[in-house]
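Reader: I would like to go through this model feature by feature. Please give the general idea each time, then the case at hand.

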Amino acid sequence: MKPSELEGLLIDKLELFSSFMHVYLFGSAISPVKFRADSDIDLLLLYSNFTSDLIPHCERICETLNRETNHTIHLTVFSIDEEQTTGFLSKIGPDYIKLK
């Protein structure tokens, strides 16, 4: 799977991320040079309000995307405030794709 194909798949599956305000793809999965068959897929998910449904929802995302892509899925999950406090997006620079 090429990064462009992965991005298309994730956009087609946006309903998986209904509990999240913003979704970003980052890491080797956005690089045609670095993304390989054994690479993982890194996603940053941002929510506005924590609910107990978020944990099983994250599990469903991982299971579904693993099945669809045959790649390990790594989720980083923050509230919008936590992302602003940590500056996660600014630390990874422009090396991400906003999917939602």
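Author: Start with the surface: accessible areas come from the Shrake-Rupley method with a 1.4 Å probe, and for residues only the protein chains shown count as cover. Here the accessible surface of the protein chain is about 5800 Å², and carbon and sulfur atoms account for 51% of that. This is a predicted model, in which local features need pLDDT of at least 70 and side-chain atom pairs count only at pLDDT 80 or more, while totals for chains, interfaces and linings use all residues. Residues are numbered from 1 along each chain as its sequence is written, and side-chain values use heavy atoms, with hydrogens and water left out.

Reader: In what order do the elements of the protein chain run from the N terminus on?

Author: Helices (H or I, at least four residues) and strands (E, at least two) are DSSP runs, numbered from the N terminus. The protein chain has four helices and four strands, in the order α-β-β-α-β-α-α-β.

Reader: Why does the radius of gyration of the protein chain agree with a compact globule?

Author: The radius is taken over C-alpha atoms, and the globule rule is 2.2 Å times the number of residues to the power 0.38. For 100 residues a compact globule would have a radius near 13 Å, and the protein chain agrees because its radius of gyration is 13 Å. Its C-alpha trace spans about 35 × 30 × 20 Å along the principal axes.

Reader: Is His22 buried, partly exposed or exposed?

Author: Buried means under 20% relative accessible area, exposed over 50%, and partly exposed in between (1.4 Å probe, protein chains only). His22, in strand E1 (residues 22-26), has a relative accessible area of 23%, so it is partly exposed. Across the protein chain, buried residues make up 40% of the 100 residues.

Reader: Which residues does His22 touch, not counting those up to four places away in sequence?

Author: Contact means heavy atoms within 4.5 Å. On that basis His22 touches Leu44, Leu45, Leu46, Ile80, Lys98 and Lys100. A polar contact is a pair of N or O atoms within 3.5 Å; within protein, one must be able to donate a hydrogen and the other to accept it, and residues adjacent in sequence count only if both atoms are side-chain atoms. The side chains of His22 and Lys98 make one at 3.2 Å.

Reader: What does the side chain of Asn66 reach at 2.8 Å?

Author: It reaches the backbone oxygen of His71. Asn66 lies in helix H2 (residues 54-69) and, leaving aside neighbours within four places in sequence, is in contact with His71, Thr72 and Ile73.
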